[in-house]
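Visitor: I would like to go through this model with you step by step, with the cut-offs stated as we go. Could you show it first?

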Amino acid sequence: MYTINQCGGLHGHVKVGWDGTVFLPNKNCNGLQGLIVSKDNGLTFTVNPVTGSTSGTSDPSVGIGNKGRVYFGYSDNAGHPMIAVSDDNGQSWHSNQNVGARFKIQNTFSPEVVAGDNNRAAYMFIGTPAAGPGTGDDTATVFSGVWHAYIATTTDGGKSWLTVDATPTDAVQLGVICTNGTTCPTGTRNLLDFNDVTIDKFGRVYAAYTDGCVSAGCIAAGNSPTAGHTKAANDGATKAAILRQATGEALYINPTALKP
């Protein structure tokens with residue numbers, strides 16, 4: 001799909017649009033986020049840089065609306081949860097913005113995006129307002145942070161986003177989330193990157209994620225501003241969890257209109 005001179009590292013999940021266009025997001029294509037696109041069933045691919053972006057440490061994600069609008073969610077090199085929009089399969093971009101500003105998010109992990117109607121999309125990510133090396137190996141410093149799962153939704157084509165804390169009283173992780181592979185210290189790589197988000201036939205959002213803080217003690221520590229929030233307080237668990245949308249607008253205006 002690309003050469004090592006174009007893009008590197010691990011990439012995000014493959015997505016396919018309504019018209020068969022194939023999309024593959026990558027977190028580092030010559031210093032920018034990249035969207036690799038094929039319109040001929042994978043015979044050829046084109047690397048499209050996401051203008052205005054910066055490379056990050058977490059795999060990006062794309063959601064494709066039912067008329068081809070592309071939503072590209074990523075973590076920038078400052079750890080902010082960013083999302084950009086394209087209406088021409090990644091050749092140009094607009095509405096690039098930080099959807100974590102409301103919660104002062106300084107570290108982001110595992111962006112996942114899904115879209116329904118062309119102007120409706122949801123962006124799920126794990127985030128913390130704690131600054132510092134939140135996704136490093138935590139050997140030089142001890143990172144102190146409380147991570148939650150957040151979901152941002154747009155109903156106006158990406159011009160604006162409403163972000164909510166989907167786990168406000170139940171932390172996903174305390175301390176560092178290590179993304180440095182098998183060299184990570186014990187108990188810090190427990191979340192890996194196996195999160196995803198989808199919608200049902202009515203356009204309601206479902207998000208699957210790994211919960212690393214499951215005991216009563218860990219949850220209580222996450223809810224206490226004076227408790228310890230380093231990896232020593234985390235459970236290091238790998239519990240499979242699902243978030244289900246209960247209120248708010250769905251990603252389909254008309255649930256029966258599942259095709260363009």
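Visitor: Is asparagine 5 buried or exposed?

Guide: This is a predicted model, in which local features need pLDDT of at least 70 and side-chain atom pairs count only at pLDDT 80 or more, while totals for chains, interfaces and linings use all residues. Residues are numbered from 1 along each chain as its sequence is written, and side-chain values use heavy atoms, with hydrogens and water left out. On the scale used here, buried means under 20% relative accessible area, exposed over 50%, and partly exposed in between, with a 1.4 Å probe and protein chains only. Because its relative accessibility is 62%, asparagine 5 counts as exposed.

Visitor: Which residues is glycine 8 in contact with, beyond its neighbours within four places in sequence?

Guide: Glycine 8 is also in the segment before β1, and it is partly exposed, with a relative accessible area of 26%. Contact here means heavy atoms within 4.5 Å. With the neighbours within four places in sequence set aside, the contacts of glycine 8 are Asn26 and Asn28.

Visitor: Which strands stand at the edges of the open sheet, and why is one side of each left without a neighbour?

Guide: The open sheet has 4 strands in the order β1-β2-β3-β4, with antiparallel pairing, and two strands are said to pair if DSSP finds at least two bridges between them. β1 and β2 (residues 22-29) are joined by 2 bridges, with valine 16 and valine 22 as bridge partners. Because each edge strand has a single partner strand, one side of each lacks a neighbour in the sheet, and these edge strands are β1 (15-16) and β4 (46-49).

Visitor: What is the relative accessibility of tryptophan 18?

Guide: Tryptophan 18 sits in the loop between β1 and β2. Its C-alpha atom is 22 Å from that of glutamate 249, which is 231 residues away along the chain. Tryptophan 18 counts as partly exposed, at a relative accessibility of 41%.

Visitor: Which residues point each way from β6?

Guide: In a regular strand the side chains alternate between the two faces of the sheet. Strand β6 (residues 70-75) is mostly covered, since 6 of its 6 residues are buried. One way point Val70, Phe72 and Tyr74, and the other way point Tyr71, Gly73 and Ser75.

Visitor: Which glycine has a positive phi in the turn between β6 and β7?

Guide: On one side, β6 runs antiparallel to β5 (residues 61-64), with 4 bridges between them, and serine 61 stands opposite glycine 73. β6 also pairs with β7 (residues 81-86) in the antiparallel sense over 6 bridges, where serine 75 has proline 81 as its bridge partner. The hairpin of β6 and β7 has 5 residues between the strands, and the residue with a positive phi of about 90° in its turn is glycine 79.

Visitor: Which members of the largest nonpolar core touch the most other members?

Guide: A nonpolar core is a set of buried Ala, Val, Leu, Ile, Met, Phe, Trp, Tyr and Cys residues joined through side-chain atoms within 4.5 Å. The largest such core has 23 residues, and those that touch the most other members are Met124 and Ile126.

Visitor: How many residues of each class line the largest pocket?

Guide: A pocket is an open set of points on a 1 Å grid over the protein atoms alone, where a 1.4 Å probe fits, with protein on both sides within 12 Å along at least five of seven lines, and lining residues have an atom within 4 Å of a point. The largest pocket is lined by 19 residues, of which Ile151, Thr153, Val164, Gln245 and Thr247 lie nearest its centre. Ala, Val, Leu, Ile, Met, Phe, Trp, Tyr, Cys and Pro count as nonpolar, Asp, Glu, Lys and Arg as charged, and the others, Gly among them, as polar. By these classes, the lining has 8 nonpolar, 7 polar and 4 charged residues.
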